[in-house]
Amino acid sequence: MDVRDADRNRPNDADYDPRTLFVPASAWSKFTPFEKQFWEIKSKNWDSIVFFKKGKFYELYEKDADVGHQEFDLKLTDRTNMRMVGVPESSFDHWVAQFIAKGYKVARVDQMENAIGKAIREKKEITKADKVIRRELTSVLTAGTLVDAALLTDDLGTYCMSIKEYCPGANANPEYGICFVDTSTAEFNLVSFVDDQDRTKFRTLIMQIRPRELVTEKNRLSGAAMRILKDCLANPLWNVLTPETEFWDGRVTIDEIRIGAYFTTDDNINMDSIDDWPSELKEMADKQVLMSAVGGLLWYLRSIKLDKDLFSAGNIRQYDPVQNATRLVLDGQTLANLEIFENSYDGTSQGTVYKLLANSVTPFGKRLFTRWLCHPLRLLEDITQRQDAVDDLLHSPDLQDTLAAAFKELPDLERLISRVHSKHCKVKEFLSVLDGFQNAKKLIAKLKEFCPGLTSKLLQTLIQDFPLMTDALDYFSDAFVVAEIEMDYQKTTAIIPKTAGINEEWDKINKGIKDMENGFQQHLQDMKRELKCPRLVYKDMGKEIYQLEAPKGFKVPKDWQRMSTTSKVDRYWNPTLSQMVPDYKEQLEIKSSFIKNFASQVYAEFDGYYRMWLAAVDSLAQLDALLGLARGSARIGSPSCRPVFVDQEKSMISFEELRHPCVTTSDFIPNDTKLGGSEANIMVLTGPNMGGKSTLLRQTCIAIIMAQLGGYVPAQSCTMTPCDRIYTRIGANDNILAGQSTFMVELSETSKILHEATPRSMVILDELGRGTSTFDGLAIAYAVLHYLAMHVGCLTMFSTHYHTLCQEFSRHPAIRNMHM
């Protein structure tokens with residue numbers, strides 16, 4: 001087959017677009033109405049597996065059917081000249097999850113009407129339409145943009161990230177505009193920064209967020225940025241958009257946001273104003289590179305039918321991967337070297353700091369704690385407040401138990417309120433949201449009983465300032481009733497108006513249906529009398545309802561139409577029923593439509609309190625993250641202590657009997673570590689291989705992170721000043737794709753440390769200079785040590801096998817030689 005895209009490019013052409021397919025006019029002319037409907041959608045989603053709704057099944061055709069047969073052994077059949085496999089509607093989520101896990105995109109095509117709805121529509125149409133039920137593409141599902149709880153397999157955030165890079169010259173510093181979204185919570189994050197030539201901030205951001213899906217411009221990312229993405233991410237889904245027409249520039253993005261009316265309900269769109277935009281987005285509107293990244297993501301979300309559902313929530317935040325002023329900076333290299341989220345053995349979380357400390361209960365609490373771990377605190381006041389909260393939790397097992405028991409009963413409220421906003425949530429999900437907030441209200445009432453015994457201002461503020469949800473929850477408890485309603489010939493849970501007399505339209509629909517049902521019963525009695533057959537009864541057979549069932553052989557009028565038969569009975573429709581049943585079905589369709597619209601109205605009213613619900617979830621997430629941190633502090637074993645922070649000009653750390661918290665062997669030997677203050681700022685560490693030098697370096701940095709998180713550290717005692725940044729130069733790695741040797745990578749990373757480190761920084765250097773000859777390596781190590789001691793003044797741990805180095809600095813007041 002000669003496959004071409006919509007512009008007739010072949011797969012080997014540079015401009016080939018794998019998302020589209022060219023269908024020649026000669027083929028269109030031979031298609032049936034149904035085949036035209038299918039190919040109109042499939043030709044625009046050629047790179048997706050199209051699940052096409054037919055009745056109670058989703059069917060896959062042609063190329064998609066081959067994939068289903070080959071990958072999952074679904075039975076392949078030929079139907080209407082097309083290869084086909086099918087799965088029941090009830091198992092849609094299961095099969096979609098299977099396809100997505102294999103790396104496929106899934107396009108969902110749903111019926112927008114049933115047979116009755118089609119008949120109603122055709123009555124109103126002047127022209128005779130093709131006899132095919134109306135279907136539309138309703139969503140495109142990918143691993144990075146899932147919103148349905150049934151498809152989400154991880155409590156942590158799954159991100160889709162749009163990246164715009166502007167670099168005016170080969171030796172210029174690149175500017176980045178980045179927008180990423182967690183589609184399950186509708187939280188958008190805006191990132192704008194000018195980076196160094198090594199793309200340090202960019203690498204840090206990618207290591208922190210680890211997006212599952214990327215949106216980039218075709219041929220517009222630098223080789224350095226591409227290498228970072230390929231090094232840090234394992235097989236992300238990569239969407240490459242055409243510049244300008246798809247990946248919009250900043251000006252077009254602003255216009256598209258205005259035209260889309262995402263943040264206004266007013267029909268009169270003001271193209272000259274952004275007053276109704278969320279404040280975070282409004283502040284960034286003049287940053288053209290960032291707005292272009294927003295435009296790329298918005299175009300992509302629009303193509304998969306998610307832009308309105310997500311962007312209109314206005315849940316937009318500004319994200320700083322570094323946060324120099326208020327947070328301890330951990331760059332991407334440090335996160336990797338210290339094994340914060342992934343170990344170096346198999347890339348899992350086993351044996352990592354995150355695995356040890358992440359003990360939150362709720363999904364939204366786990367997501368918040370992950371952000372905390374990326375950005376430990378730096379300001380003394382913030383650290384002390386969190387320490388006080390952890391202490392209160394550790395000293396009150398009843399408080400811990402109360403929180404843990406309540407949190408176990410809460411659903412993922414952050415994701416669910418996003419689902420309600422999109423009006424795509426199921427009734428059971430909506431009810432679980434209301435129950436969740438009711439349980440949260442009860443939890444806060446219980447926690448207020450603990451407040452007199454708490455010393456933590458942070459805990460007291462979270463409890464006392466929790467949003468007042470009583471009025472809203474009382475309103476929704478009286479706004480509707482839950483009922484099992486028959487819709488589309490099957491029982492389903494629905495919400496309906498609470499009592500008769502409240503909603504005139506609902507009362508009128510129900511009265512009409514009741515009158516019709518009485519009419520059916522009256523007609524049955526009339527037929528029994530007229531035909532003198534008391535055994536006449538109604539029988540429903542699937543969609544063919546109200547069939548008159550008569551004994552086999554009973555003589556019926558000639559104008560009766562036989563609908564079905566068995567060995568003992570025959571079933572008929574007479575002319576009266578042939579007219580009454582379609583009218584009755586039409587009335588049921590009107591009722592179903594009302595119920596769906598009523599649910600949407602209730603969801604919209606609930607969404608009117610979106611900011612309040614979001615604030616409540618944020619408070620609950622903080623309480624859960626604090627609980628997790630307290631539990632993590634308890635898990636590190638004994639000895640452990642609350643760090644003491646001192647506010648002084650000269651940096652210092654002092655640990656007694658410090659252990660690595662993730663090493664659980666019984667024969668681990670703790671170490672005392674003292675730097676700065678009255679001691680030397682720099683420690684030069686020697687010792688044999690496998691002697692524990694690298695472990696000591698790592699455990700010191702991890703202890704600093706744990707301390708500035710606000711938790712306990714695995715030591716007998718800990719006194720320190722807050723650090724502003726941790727720099728790590730560990731291991732020997734080359735970068736073949738960048739044309740950089742092990743030595744070059746080593747020098748580049750060391751140069752960055754020398755340029756950026758401050759007297760408040762913590763630096764660890766593990767065997768610097770081993771990437772070159774002994775003589776050159778010693779010279780480099782000497783020069784670096786001298787510069788750090790004389791010009792930077794930061795806290796430093798320097799492990800080496802160059803014993804000559806120890807002799808050179810044996811009398812230096814800022815450097816102390818140690819041996820393991």
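**Stop one: the rings**

Colour Phe, Tyr and Trp, and you have 42 aromatic pairs to look for; rings of Phe, Tyr and Trp (its six-membered ring) pair if their centres lie within 6.5 Å, with planes under 30 degrees apart counted as stacked, over 60 as edge-to-face and the rest as tilted. Start with Y262 and F311, an edge-to-face pair at 5.3 Å centre to centre, with 85 degrees between the planes. This pair links distant parts of the chain, 49 residues apart: Y262 is in the loop between helix 8 (250–260) and helix 9 (279–283), F311 in helix 11 (residues 307–311). Helices (H or I, at least four residues) and strands (E, at least two) are DSSP runs, numbered from the N terminus. Both Y262 and F311 are buried, where buried means under 20% relative accessible area, exposed over 50% and partly exposed in between (1.4 Å probe, protein chains only).

Before you go on: this is a predicted model, in which local features need pLDDT of at least 70 and side-chain atom pairs count only at pLDDT 80 or more, while totals for chains, interfaces and linings use all residues. Residues are numbered from 1 along each chain as its sequence is written, and side-chain values use heavy atoms, with hydrogens and water left out.

Next, select F430, F437, Y475, F476, F480, Y603, F606, Y609 and W613: ring pairs link them into a cluster. Then try two charges over rings (NZ of Lys or CZ of Arg within 6 Å of the ring centre and within 35 degrees of the ring normal). K54 lies over the face of F34, 4.4 Å from the ring centre. R108 puts its charged end over the ring of F92, at 4.3 Å from the centre.

**Stop two: helix 10**

Select residues 288–303. These 16 residues make up helix 10, which reaches 22 Å from first C-alpha to last, close to the 22 Å expected at 1.5 Å a residue; the expected span is 1.5 Å times one less than the number of residues. How many of the residues of helix 10 are buried? The count is 13 of 16, so to speak a mostly covered helix. Following helix 10 is K305, with a positive phi near 65 degrees.

Two strands pair if DSSP finds at least two bridges between them. Inspect strand 23 (residues 682–686) and strand 27 (residues 795–799), which run parallel and are joined by four bridges. Opposite M683 you will find M797 in strand 27.

Most residues other than glycine have a negative phi, and most peptide bonds are trans. Zoom to S638 and P639, joined by a cis peptide bond with omega about 0 degrees. P639 belongs to the loop between helix 23 (610–635) and strand 20 (644–645).

Where is K423? Look in the loop between helix 17 (413–422) and helix 18 (427–450). K423 is not a glycine, yet its phi is positive, about 65 degrees. Its relative accessible area is 37%, partly exposed. E657, in strand 21 (residues 652–658), also has a positive phi, near 55 degrees. E657 counts as partly exposed at 36% relative accessibility.

**Last stop: zoom out**

Colour by domain, with bounds from an automatic or database domain assignment: domain 1 (25–141), domain 2 (159–318), domain 3 (344–372 + 382–478 + 600–622), domain 4 (504–596) and domain 5 (644–819). Between the centres of domain 4 and domain 5, taken over C-alpha atoms, there are 85 Å.
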